[in-house]
Amino acid sequence: MIHTFHLAEIPAAVTARALLRPPSGATTPGLDHAECLALMRLGAPTVTPDRLQLRRIAVFAQWRDENAVDHFLSDDALGRHLATGWHVRLEYLRRWSRLAALPGLPARAGGWDQDEPVVAVTVARMRLLEVPRFLRWGRPVERQVRDHPGTTLALAALRPPHTISTFSVWRTVREMEEMVHGRSGVPADRRHADAMVERRRRDFHHEFATFRFRPLSEHGTWEGRTGIVPLD
């Protein structure tokens with residue numbers, strides 16, 4: 001099993017089609033599940049084109065093996081678009097909570113060193129009536145993660161009407177965990193921890209899961225950047 005996270009700038013019509021009909025195991029050999037989303041800019045105002053960037057797609061996927069990833073990128077119509085962008089291949093380590101779409105993931109699959117790089121992915125299915133409350137608590141957290149000195153990339157993406165995902169690359173596990181628990185020593189570093197307390201008080205979501213991964217390899221460029229993932 002391997003996971004991937006992809007970013008690409010593609011025609012808006014291709015993104016819209018992927019949002020409506022994401023690839024599945026029935027049509028894509030070796031694919032267990034894929035989340036296709038339109039990119040957002042973390043911390044952007046609620047009513048703005050930056051909140052739904054149809055020309056910028058994010059795809060989070062689980063595969064049987066790397067051969068399936070390679071075949072998808074070379075042989076599938078959406079895959080060939082994604083191959084023009086950037087992606088990182090990931091080793092699964094841990095989850096908090098669970099997604100119905102990924103039922104076989106154990107709570108923990110391995111250990112890690114506090115000083116190694118780590119990738120975090122969240123996927124949430126929103127309660128639509130809770131969206132205003134979620135934005136009130138979530139947007140400060142978006143800015144906290146976006147501006148944190150420990151991240152090399154942080155972004156969010158959505159698939160209407162109710163799926164939201166975040167993706168962040170961290171220089172070290174230690175820096176990520178300090179942010180989560182409000183011990184970073186940066187201004188307003190309690191924002192994430194306080195939002196989690198509020199979520200436990202009354203959940204924003206029908207379904208919510210956080211995943212931790214070890215980055216294995218990085219491919220392509222994003223916004224002219226390479227070396228986004230601090231691999232040895």
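Colleague: How are helices and strands defined here, and how many are in the chain?
Modeller: Helices (H or I, at least four residues) and strands (E, at least two) are DSSP runs, numbered from the N terminus. The chain has 6 helices and 8 strands. In sequence order the pattern reads β-α-β-β-α-α-β-β-α-β-β-α-α-β. The radius of gyration is 17 Å, close to the 17 Å that the globule rule gives for 232 residues, so the chain is as compact as a globular protein of that length. That radius is taken over C-alpha atoms, and the globule rule is 2.2 Å times the number of residues to the power 0.38.

Colleague: What are the ground rules for the model and its numbering?
Modeller: This is a predicted model: local features need pLDDT of at least 70, side-chain atom pairs count only at pLDDT 80 or more, and totals for chains, interfaces and linings use all residues. Residues are numbered from 1 along each chain as its sequence is written, and side-chain values use heavy atoms, with hydrogens and water left out.

Colleague: What does the C-alpha trace span along its principal axes?
Modeller: The C-alpha trace spans about 45 × 40 × 35 Å. Contact means heavy atoms within 4.5 Å. Of the contacts with a separation of 6 or more, 74% join residues 24 or more positions apart.

Colleague: How do I read burial?
Modeller: Buried means under 20% relative accessible area, exposed over 50%, partly exposed in between (1.4 Å probe, protein chains only). Buried residues make up 52% of the 232 residues.

Colleague: Is E198 buried or exposed?
Modeller: E198 is buried, at 10% relative accessible area. E198 sits in helix α6 (residues 191–201). Its C-alpha atom is 9.9 Å from that of R133, 65 residues apart along the chain.

Colleague: How should I read salt bridges?
Modeller: Side chains of opposite charge can pair when their charged atoms come close. The criterion is a side-chain nitrogen of Lys or Arg within 4 Å of a carboxyl oxygen of Asp or Glu. A search of the whole structure finds 13 salt bridges.

Colleague: Which side chain does R214 meet in a salt bridge?
Modeller: R214 meets E91, at 3.1 Å from N to O. R214 lies in strand β8 (residues 205–220) and E91 in strand β4 (residues 86–97), so the pair ties together parts 123 residues apart in sequence. E91 is partly exposed, at 32% relative accessibility.

Colleague: Which residue pairs with R125?
Modeller: R125 and E207 form a salt bridge, 3.3 Å from N to O. The pair links distant parts of the chain: R125 is in strand β5 (residues 118–126), E207 in strand β8, 82 residues apart. R125 is buried, at 11% relative accessible area. Salt bridges that share partners join E35, R125, R159 and E207 into one network.

Colleague: Where does R146 find its partner?
Modeller: R146 bridges to D147, with the closest N and O atoms 2.8 Å apart. R146 is partly exposed, at 31% relative accessible area.

Colleague: Now the backbone. Which residues does the cis peptide bond join?
Modeller: A cis peptide bond joins P160 and P161, with omega about 10°. P161 is in the loop between β6 (151–159) and β7 (163–170).
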